[in-house]
Amino acid sequence: MSIKKITKQAFANFIDNLIKTATVYGVQPKGERFDFAPLASAKDLRLDYDVTLLPPKRFFQPTTETLLTFDGEGRYKSNFDNENFILLGVHPYDMVAINQMDKIFSKDYYDEHYMKRRNNATIIACDVLTPSENVFAASMGMATVSEGFDILLTDIGDGYVAEAGTEKGNALLAKAETTDANEKDLEKRQKLQQDNQKNLNKHKLKCKPSDIPNLLERAYKHPVWEEKAKTCFSCGSCNTVCPTCYCFNVQDSFNWDLKSGKRQRTWDGCLLDGFTKVAGEHEFRSNRADRFRHRFYRKGKYVPEKLNGQISCVGCGRCVGACLPDIANPVKVFNRLVDDLGLL
Amino acid sequence: MSNKPRVAVFDFACCEGCQLQIVNLEEEILDLIGAVDVVEWREAMSEQSSNYDVAIIEGSITRPEDEERLWLIRSRAKVLIALGACATIGGINKLKNNFDLRDVKKWVYGKDAEKPHLNTELTRSVAQVVKVDYLIHGCPIDRKEFTYIMRCILTGKKPEIPEWPVCVECKLKDNRCLWETGQTCLGPIIRAGCGARCPSSGFRCFGCRGYVNNPNINAAKDVIERYGLDVEVLKRKMNLFGSGNTQVTANG
Amino acid sequence: MGQSCCSSMKRDIYLPRPATVKKSRMMNGTELYIHIEMDEEPLDFLPGQFVEVSIAGFGEAPITISSSPTRKDGFELVVRKTGNVTNAIHKLKGGDKLGIRGPLGNGAYPVEQTKGKDLVFICGGIGLVPQRSFINYALDKRADYGKISILLGTKCRDQRFFHSEIANWKTRSDVTFMETIDQADNCWLDDVGVVTTLIPKIDYDFSKSIFLVCGPPVMYKFVLLSLKKENVPPENIYVNLERKMKCGVGKCGHCQINDKYVCIDGPVFRYSDLASVPEAI
């Protein structure tokens, strides 16, 4: 795969040309924050952003999507999104999260609804220029990324180093006016990436991410779950903003003919009241603290078991900022466990 | 006579804004009146009827004669729906329950306060008076939720109304938390289903849909403290829609 | 155990397959028996597996198959009204169409591993429904298994069902059938009390028997405690768990108990595998 250098002007031309023929979602300001939104011009793009409000997972698993439609005779038809699109400005930690979700949705039972969108997407990732207030991706070893993207951009001041990660990325990059990246460019890139591996660390984990499953193994009855959950609203904000939360609900609705309709899935969250309620009203995880604990075990133990041990918290820090009572910070919880239980 | 369910709409103490939301359904109003026979609806037609299957009640109950009328409607209807915050939780009308009723009457009616036709009692929601089958929350109601619930009723399905707080929908809308901007938003303890309409427009949640089933008061106090606010501030904000007990569920 | 997953099949995992109701009837005041046949390929299932029953507009409900795969014409379910979908299922009549996804659940009953062993089925109320699949499977392959006991506990007399089948089990010499009800009335001649009272009445070598347990959530604790008292090793106990299995394919997260998904790792679990799954029982 090629590693090119592209000047900022050439990059702007490249993007403006892309917009003419493709749907591009790029990072842009939303109020005082940032968000992925349809890009109208390269000048609206803000690759120096800190973090987006919602992670890019919604482009693959929309907040609401129609899985099936049914006609008046009860015949079902799958519904798929077939639009090709480009996602521009994905940060490394979010890219890691997408890589994890790809495994989750393709493993065992292949989820075509997710995977179609994923395969229709071209992802242009970019290294972080401005660390966000709560980022701790460095603690999780996810401040940089080496796979999953089609193109990875690194801002080196007078331009970008653009590395193609796939054939799709290679072909796309060929449309831009580039030169081969020279040694000096690559040094600058390496410097920025090494800095990020140190600096994207506003909350410092006191252990290696790989220590977390064992730590949790011993922490099931630790008082921290009850203590923190005392002030949990069960609002699911930590779930909603998390790039690796993928639980969903499925609901049918009728059209106005009261016969045909659709089956939709929507985002759900394990912190929410009623998440485990079965028909007949029995709720299995009705206790707030149990739900609170479940989230940490999902991130640090259960989901990693499906991902060859990779921890399912990428250190984006969104949950830290989204949690009004300030109890969701994974680093605080894991550090507390390290302090109390020690490392083996 | 058709086999379509006969629907009647009634109003009590309210601004009729929720009925207006039904009138404003645009194309969907045709779907709705195609699926049901509307037999009484003061705001939209002049006919009246005492024969109906579904009664939609807007407004809260504030006078003795209201209670009698509501009992009569209940006895005639197979299904009774409380429409909008006044009907589901008592709404803004419940504010008056915080004061002495004599003072309230004096403030509002001045020298006429004691006239018999201005008699008023403590405000109650519809469910505090009669059995309610379905609650359609909000001030005003959400049109999409209204049509969803109507289609559920017409197909014999129990509608799924969110049990979680407004924060869920607010985050899904990609909003910045209003607490960060210094607003005392009630989102974390108020039932979702509105699509976070107010926060998405920059206004804090006023709580018009009532509390979630299991609001965490400890958490609310903790947050108030952390933001250096007075609990009284929160209480005052909650009073607008939250005077008295506002935690209700349909008991049908 | 179980079937391999279907990642190789390029079929939408959420798309139900068409099926037709052959027969449906109420079995008592609450339980509907329903016999279903797939319109295209027949359902190739193992005892203990479940299907997602899809009623357009109402949604899907996970329901464990109650019939044995040894009986070839379609499959049977027993459904209690508990929500929108099951209410809609109760309205189905012979000839009606519905959608089926499945069979689901890689954790089926251990029909192969338990060959040659003595089997004790402990059923609480509608817990009989999934157990019946393995019971009839074992009876149809009677020579493959050792002694077979069925213990059934029901709340009260009018909640019982499968009367003729139970009558048949009672008369068979190669089956021990014992029954109890919690609240007896004048017409009841059998045991009274909860199902655990029947356990000591079994005269097997408990260390070599296989115990299969299914019932409402509250029942497991008591039954498992009784079995512990009788020194039954946890490896010999299988439990059939119920959770909110929404997607049925291990994605949606609702049925998760600690690191296990009831829908793909179960719904039948070997009790010894649940030692580190405190949310299970």
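How many bridges join strand β4 of chain B to β5(B)? Three, and the two strands run parallel. β4(B) covers residues 79-83. One pair to look at there: Ile81(B) stands opposite Tyr134(B) in β5(B). Before going on, please keep in mind that this is a predicted model.

Now the whole sheet. Chain B has five strands in an open sheet, and the order is β2-β1-β3-β4-β5. The pairing is parallel. Why do β2(B) and β5(B) each have one side without a neighbour in the sheet? Because they stand at the edges, each with a single partner strand. β2(B) is 37-41, and β5(B) is 134-136. Neighbouring strands are turned by 20 degrees against each other on average, with direction ignored. As background, strands of a sheet pair through backbone hydrogen bonds.

Next, a helix. Helix α6 of chain B, residues 143-154, lies across β3, β4 and β5 of that chain. Against β5(B), helix α6(B) runs at about 165 degrees. β3(B) is residues 54-58.

Zoom out to domains. Chain B is divided in two: domain 1 is 6-154 and domain 2 is 166-242. Their C-alpha centres lie 26 Å apart. Where they touch, domain 1 of chain B puts in twelve residues and domain 2 of chain B puts in ten. Which element gives the largest share of the domain 1 side? Helix α4(B), residues 84-89, with three residues. By class, that domain 1 side has five nonpolar, five polar and two charged residues.

On to chains C and A. Their contact takes 37 residues from chain C and 34 from chain A. On the chain C side, β4 (59-64) and β6 (97-104) each supply at least two residues. That side of chain C has 16 nonpolar, eleven polar and ten charged residues.

Last topic, the cores. In soluble globular proteins, nonpolar side chains tend to be buried together. Here the largest nonpolar core has 208 residues. Among those that touch the most other members are Leu87(A), Ala137(A), Ile122(C) and Leu212(C). Helix α2 of chain A, residues 92-106, gives the most to this core, with seven residues.

Take Leu212(C) as an example. Leaving out residues up to four places away in sequence, Leu212(C) touches residues including Tyr109(C), Leu119(C), Phe121(C), Phe134(C) and Tyr238(C). Gln131(C) is also one of its contacts.

There is a second, separate core of 45 residues. Leu70(B), Ala77(B), Ala87(B) and Met150(B) are among its members.

Definitions and conventions:
Residues numbered from 1 in each chain as written. Chains lettered and ligands numbered in written order. Predicted model: local features only at pLDDT ≥ 70, side-chain atom pairs only at ≥ 80, totals over all residues. Pairing = 2+ DSSP bridges. Helix = DSSP H or I, 4+ residues; strand = E, 2+ residues; numbered from the N terminus. Axes fitted to C-alpha atoms, helices over the stretch in contact; angles between N-to-C directions. Contact = placed C-beta atoms within 7 Å. Domains from an automatic or database assignment. Nonpolar A, V, L, I, M, F, W, Y, C, P; charged D, E, K, R; others polar. Core = buried A, V, L, I, M, F, W, Y, C linked by C-beta atoms within 7 Å. Buried ≥ 20, exposed ≤ 12 C-beta atoms within 10 Å, placed from the backbone.
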